[in-house]
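Visitor: I'd like to walk through this protein with you and keep asking how you know what you tell me. Can we start once the model is up?

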Amino acid sequence: MEVKIAGSKRKLTEDELKRAEGVVGAPLPEEYRRFLLRHNGGYPEPGDFRIEWTDPRLARAWRISTVADFHALDDGATLDLLRDFKTFQGRIPKGTLAVALDPGGNVVLLGLAGEHRGRVFFWVNSLPAEYDETDFANLGRVADGFDAFIGSLFDSGAE
């Protein structure tokens, strides 16, 4: 099934992306850069995705989630990429960027550095106290790349 992105914000320029990378402190993975240049936010149809966990307790609660909205690089947007970068600093694993929210306020993260660069993860905003929310071990694995993530989106109601 082809994924369509609706509700995108204004078109971005390469200079705007470079300035954003300066704020984030890392180059954005190429697949995500292309997505921002083409769509700059919006929401996917369909938008459900599967999550893999190393901790079986987390797997019981979140096996599937939904992209409610992708962050946009637009200070007028509800989900502004740079504003949320600052909001989540110190709460999410270092070297990740919040790129989307699910309906419950959980976050889809994109790895920006090292072995996690380009990979897509799921971060739960209300983990039990015994979990370190900044530890990669407590993230759900979603996809090995942003294009693979978009390509894996499906309609769970159609299964």
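This is a predicted model: local features need pLDDT of at least 70, side-chain atom pairs count only at pLDDT 80 or more; totals for chains, interfaces and linings use all residues.

Visitor: What makes you say that the buried residues of α1 line one face of the helix?

Guide: Start with who they are: Glu16, Leu17, Ala20, Glu21 and Val24 are the buried residues of α1. Looking down the helix axis, you find them within an arc of 140°, so they line one face. Arg19 and Gly22 sit on the other side of α1 and are exposed.

Visitor: Which elements do those buried residues of α1 pack against?

Guide: They pack against α2, α4 and β6.

Visitor: Let's take α2 then. How do you know that its buried residues are on the same side?

Guide: In α2, the buried ones are Tyr32, Arg33, Phe35 and Leu36. Around the axis they cover an arc of only 160°, and that puts them on the same side of α2.

Visitor: What comes after α2?

Guide: Asn40 follows α2, with a positive phi near 45°. That is a positive value in a residue other than glycine. Asn40 is placed in the loop between α2 and β2.

Visitor: Why is Asn40 called buried?

Guide: Buried means under 20% relative accessible area. Asn40 has 1%, so the label buried applies.

Visitor: And α4, which of its residues are buried?

Guide: Helix α4 covers residues 81-88, and its buried residues are Leu81, Leu82, Asp84, Phe85 and Phe88. Their arc around the axis is only 165°, which puts them on the same side of α4.

Visitor: What do they pack against?

Guide: The buried residues of α4 pack against α1 (14-24), α2 (30-38), β6 (96-101), β7 (107-111) and β8 (120-123).

Visitor: You mentioned β7. Why does Gly111 count as buried?

Guide: Gly111 lies in strand β7. Its relative accessible area is 0%, and the cut-off for buried is under 20%, so Gly111 counts as buried.

Visitor: Which residues does Gly111 touch, leaving out those up to four places away in sequence?

Guide: Gly111 touches Pro29, Gly95, Thr96, His116, Arg117, Gly118, Arg119 and Phe121. Ala158 is another story: 47 residues along the chain from Gly111, with 30 Å between the C-alpha atoms.

Visitor: Now Ala143. What makes that one buried?

Guide: Ala143 has 13% relative accessibility, and buried means under 20%, so Ala143 is buried. You'll find Ala143 in strand β9, residues 140-143.

Visitor: How do you know what Ala143 is in contact with?

Guide: Contact means heavy atoms within 4.5 Å. Setting aside neighbours within four places in sequence, Ala143 is in contact with Arg119, Val120, Ala148 and Phe149. Take Val120: it is 23 residues from Ala143 in sequence, with 5.0 Å from C-alpha to C-alpha.

Visitor: Where is there a cis peptide bond?

Guide: A cis bond joins Glu45 and Pro46, with omega about -5°. Pro46 has its place in the loop between β2 (43-45) and β3 (48-50).

Visitor: Let's step back to the whole chain. How many helices and strands are there?

Guide: There are five helices and nine strands. In sequence order they follow the pattern β-α-α-β-β-α-β-β-α-β-β-β-β-α.

Visitor: And why is the protein called as compact as a globular protein of that length?

Guide: The radius of gyration is 15 Å, close to the 15 Å that the globule rule gives for 159 residues, so the description as compact as a globular protein of that length holds. The C-alpha atoms fill a box of roughly 45 × 35 × 25 Å along the principal axes.

Visitor: What share of the 159 residues is buried?

Guide: Buried residues make up 51% of them. As for contacts with a separation of 6 or more, residues 24 or more positions apart account for 61%.

Visitor: What about the charges?

Guide: The protein has 20 positive and 26 negative side chains, and the centres of the two sets lie 2 Å apart.

Definitions and conventions
Residues are numbered from 1 along each chain as its sequence is written. Side-chain values use heavy atoms; hydrogens and water are left out. Helices (H or I, at least four residues) and strands (E, at least two) are DSSP runs, numbered from the N terminus. The radius of gyration is taken over C-alpha atoms; the globule rule is 2.2 Å times the number of residues to the power 0.38. Buried means under 20% relative accessible area, exposed over 50%, partly exposed in between (1.4 Å probe, protein chains only). Lys and Arg count as positive and Asp and Glu as negative; His and the chain ends are not counted. The place of a charge is taken as NZ of Lys, CZ of Arg, CG of Asp or CD of Glu. The arc is that of the directions from the helix axis to the C-beta atoms.
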